[in-house]
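Please keep the sequence and the structure in view while reading.

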Amino acid sequence: MADPQLARKSQRNVAELTVSELASGIKRTLEDSYGHVRLRGEVSGYRGAHSSGHCYFSLKDDKAKIDAVVWRGVFQSLRFKPEEGLEVIVTGKVTTYPGSSKYQIVVESLEPAGAGALMALLEERKRKLAAEGLFDEARKKPLPFLPAVVGIVTSPTGAVIRDMLHGFAERFPTRVVVWPVRVQGESSAGEVAAAVRGFNALDAGGAIPRPDLLIVARGGGSLEDLWGFNEEIVVRAVAESAIPVISAVGHETDWTLIDLVADARAPTPTKAAEWAVPKHSELMERMAELAGRLRLAARRRLEGERQALTGLARALPRPLDLVMLPRQRLDGASGRLPRALSANIQAHANRFARLSGRFAPGLVTVRLARAGDRLETLRRFAAQSLSHMAEQRRARLERASVRLKPQTVLAELRRSGVRVAELEGRARIAIDGLIGQRRRLIEGQAQMLRSLSYQSVLGRGFAIVRDGASGKMVRAATATTVGQALEIELADGRVGARVTGGEGSRPPREAEGATPGPAREKPKRSPGGGQGSLF
């Protein structure tokens, strides 16, 4: 058995290390021992990129787990992004994180673990996008029948673009705008998505015309070669496109996610060109056929209309028979018109006579008096308000003068004086405005009084006849007697008159019981004599 004292002495001879020195030593030993490694495992705990742009997750198998970190620059350049539950193969450097005494792998590249993993990733992405409704048939747009401009997103150097241009030239020459992109590699997905969005951003009347139809095309290849067209950024760009899109990626047996979201999927790029435009010769034959049918239909329609017009013309009555009944109604209406006009004039005259008695001058006088009283009340109220406000300001000034210095009091007095002068000016303006408003109202009512007064009727040539004795108004000729003294009021004064005779006048009362004598000759009525009706 070892001596305990000797063991304690040997422990005291070991050099002391700080925690940082020990962590750094472990870090160097781990990095020197392993360096770069290829590691296979399942992605766990992936929640997307951090706000800093870095990415953190774990790799695990059935017995162990290791933390993994992807720095921002590497994460942006990854062709395949990590996804929860995906089995991947990563290449990186094993190191430690001294802050929590854990070891981790710094990932420099990441790829799915075989074609089976790619298919699993593809199916998972397909289910995710389908759940969002991007593959629904209801949201797909119909293709234009004859697009004036066709936009093609493809590689400008491959055989695909040549085959498509040859197809356009054979079927229907149209304007083609090519947006060159890479159709394979890490940057292909971003370039294709940018091309689709770029075509949609063009103005219809710009230097580069906005296409009526888009074709995304590529030749055939393996699943890895076509992977760029399975990226989510491309699928969403095609789903957001306002221009109809034809997907022509790969051969007929190949399929990608862009085929599911596009408005139409062509089995080959050449077939996409055939779908985009109709065949010129077929269009001409169809137009000739339709023109012939149109001429035949027009001829038949004209013949049918001509026969119908002839039949209707036989059933029409003579023009004279058509106007006889309206002419009879016109004769009857013209006979009733004079009587109706006379009755209408008499009804309006009676209505005016009834209404004129209700417009007494006293009503307007009362309203004028009330308006004057109201105006005087407002003037007194304004004066009292101004005086009350000035008194309040004076009281506040007196209270504040106890606490303030003379200079401050003088300054405040000057400001208060300016304010009082301003308020006084505003009060005067307000009072003058109110007085002007009331004056205009009174003048309007006075004008109405003058227009409704009987004196305006006198000014138009009429007169008022009163009894010379009682001063009462004489309204009918039967109310007068021969020899009766009358007073006639005109527009500019009054004159006296006496009844000498006329239709409707009664003889004097003293002659009613006299013995009949020789008949007195009845005076002739002058054409303009007598008061008559005002209307």
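## Ser247 in strand β9

Ser247 counts as buried because its relative accessibility is 0%, where buried means under 20% relative accessible area, exposed over 50% and partly exposed in between, with a 1.4 Å probe and protein chains only. Ser247 is found in strand β9, residues 245-249; helices (H or I, at least four residues) and strands (E, at least two) are DSSP runs, numbered from the N terminus. Leaving aside residues up to four places away in sequence, Ser247 touches Val216, Ile258, Asp259, Ala262, Ala264, Arg265 and Ala266, a contact being heavy atoms within 4.5 Å.

## How the model is read

This is a predicted model, in which local features need pLDDT of at least 70 and side-chain atom pairs count only at pLDDT 80 or more, while totals for chains, interfaces and linings use all residues. Residues are numbered from 1 along each chain as its sequence is written, and side-chain values use heavy atoms, with hydrogens and water left out.

## Ser155 in a loop

Ser155 lies in the loop between β6 and α5 (159-171), and it counts as buried because its relative accessibility is 17%. Not counting residues up to four places away in sequence, Ser155 touches Ile161, Val181 and Val183.

## Helix α6

Helix α6 spans residues 188-201, has 14 residues and reaches 20 Å from its first C-alpha to its last, close to the 20 Å expected at 1.5 Å a residue, where the expected span is 1.5 Å times one less than the number of residues. Its buried residues, including Val192, Val196 and Phe199, pack against β6 (149-154), β7 (175-180), β8 (213-218) and α7 (232-240).
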